[in-house]
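Below are some notes for a colleague who is opening this structure for the first time. They are set out as numbered points and can be read alongside the sequence.

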Amino acid sequence: MKNIALTALLALTPLAAACKDETITGYAPGIYRLEEIDGTSFEWGATLNLTEAGRISGQAPCNGYSAEQTAPYPWFKPGPIVATRMACLHMNGEAEFFEALGAMTLAEGSGPVLILSNEAGREMVFRREE
């Protein structure tokens, strides 16, 4: 009986590995450029990279960053954000970007547009780079 159970478990392992990524990365993969935060154009430049399962990364106005993001779609919950520590003239924009990104809880990908939002009414709008 143990051999049958072990054989069944080993047979399922490749199937588990082939399962679709259930995070936002699996539903809207790509690299996105931030267009606005809370209805205001974001002029400082920032990207959100959704090409690695279970992770987000990108370029904030000054620094590169990454974080774990394993919440299933449509939820969005980045883990602690790790960023390089370079100073630049856009530090206020960088702080605004990281604060907003950390506050987002929902994701909606539709065509080239990605909207991150939360129940407080905050919103970040991104457009996929081609």
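**Notes on the model**

1. Cys 62 has a relative accessibility of 8%, and so counts as buried, the cut-off for that class being under 20%. Its partner is Cys 88, with which Cys 62 forms a disulfide whose sulfur atoms are 1.7 Å apart. Cys 88 is partly exposed, at 27% relative accessible area. The model is a predicted one, and the distances and areas in these notes should be read with that in mind.

2. How many disulfides does the structure hold? There is one. The torsion about the S-S bond of Cys 62 and Cys 88 is about -50 degrees, so this disulfide is left-handed. Cys 62 sits in the loop between strand 4 (55-59) and strand 5, while Cys 88 sits in the loop between strand 6 (82-83) and helix 3; the pair therefore ties together parts that are 26 residues apart in sequence.

3. On the overall layout, the protein has three helices and nine strands. Read from the N terminus, the order of elements is α-α-β-β-β-β-β-β-α-β-β-β. Of its 130 residues, 33% count as buried. Among contacts between residues at least 6 apart in sequence, 44% join residues at least 24 apart.

4. The largest nonpolar core has 24 residues, and the members that touch the most others are Leu 48, Phe 97, Leu 114, Leu 116, Met 124 and Phe 126. Two or more residues each come from strand 1 (30-37), strand 3 (47-50), strand 5 (64-68), helix 3 (91-103), strand 8 (113-117) and strand 9 (123-128). Which element gives the largest share of this core? Helix 3 does, with four residues. As background, nonpolar side chains in soluble globular proteins tend to be buried together.

5. Phe 97 deserves a separate look. Leaving out residues up to four places away in sequence, Phe 97 touches Leu 34, Ile 37, Phe 42, Ala 46, Thr 47, Ala 60, Pro 61, Tyr 65, Met 124 and Phe 126. Two of these contacts, Met 124 and Phe 126, are also listed among the core members that touch the most others.

6. Helix 3 can be checked for its length. With 13 residues at 1.5 Å a residue, helix 3 should span 18 Å, and its end C-alpha atoms are 18 Å apart, which agrees. The buried residues of helix 3 are Gly 93, Glu 94, Phe 97, Phe 98, Ala 100 and Leu 101. Viewed down the helix axis, these buried residues fall within an arc of 165 degrees, so they line one face of helix 3.

7. The count of salt bridges comes to four. One of them joins Glu 35 and Arg 127, with their closest N and O atoms 3.0 Å apart. Glu 35 belongs to strand 1 and Arg 127 to strand 9, so this pair ties together parts that are 92 residues apart in sequence. Glu 35 is partly exposed at 33% relative accessible area, and Arg 127 is also partly exposed, at 36%.

8. A network of salt bridges links Asp 38, Glu 99 and Arg 122. Asp 38 is in the loop between strand 1 and strand 2 (40-41) and Arg 122 in the loop between strand 8 and strand 9, so the pair ties together parts that are 84 residues apart in sequence. The relative accessibility of Asp 38 is 37%, which counts as partly exposed.

9. Because Arg 122 lies in the loop between strand 8 and strand 9 and Glu 99 in helix 3, the pair ties together parts that are 23 residues apart in sequence. Glu 99 is partly exposed, with 46% relative accessible area.

10. Is Ser 41 buried, partly exposed or exposed? Ser 41 is partly exposed, at 48% relative accessible area. Ser 41 lies in strand 2. Apart from its neighbours within four places in sequence, Ser 41 is in contact with Glu 35 and Glu 36. Ser 41 and Val 125 are 84 residues apart in sequence, and their C-alpha atoms are 9.3 Å apart in space.

Conventions
Residues are numbered from 1 along each chain as its sequence is written. This is a predicted model: local features need pLDDT of at least 70, side-chain atom pairs count only at pLDDT 80 or more; totals for chains, interfaces and linings use all residues. Side-chain values use heavy atoms; hydrogens and water are left out. A nonpolar core is a set of buried Ala, Val, Leu, Ile, Met, Phe, Trp, Tyr and Cys residues joined through side-chain atoms within 4.5 Å. Buried means under 20% relative accessible area, exposed over 50%, partly exposed in between (1.4 Å probe, protein chains only). Contact means heavy atoms within 4.5 Å. The expected span of a helix is 1.5 Å times one less than its number of residues. The arc is that of the directions from the helix axis to the C-beta atoms. A salt bridge is a side-chain nitrogen of Lys or Arg within 4 Å of a carboxyl oxygen of Asp or Glu. A disulfide is a pair of cysteine sulfur atoms within 2.5 Å.
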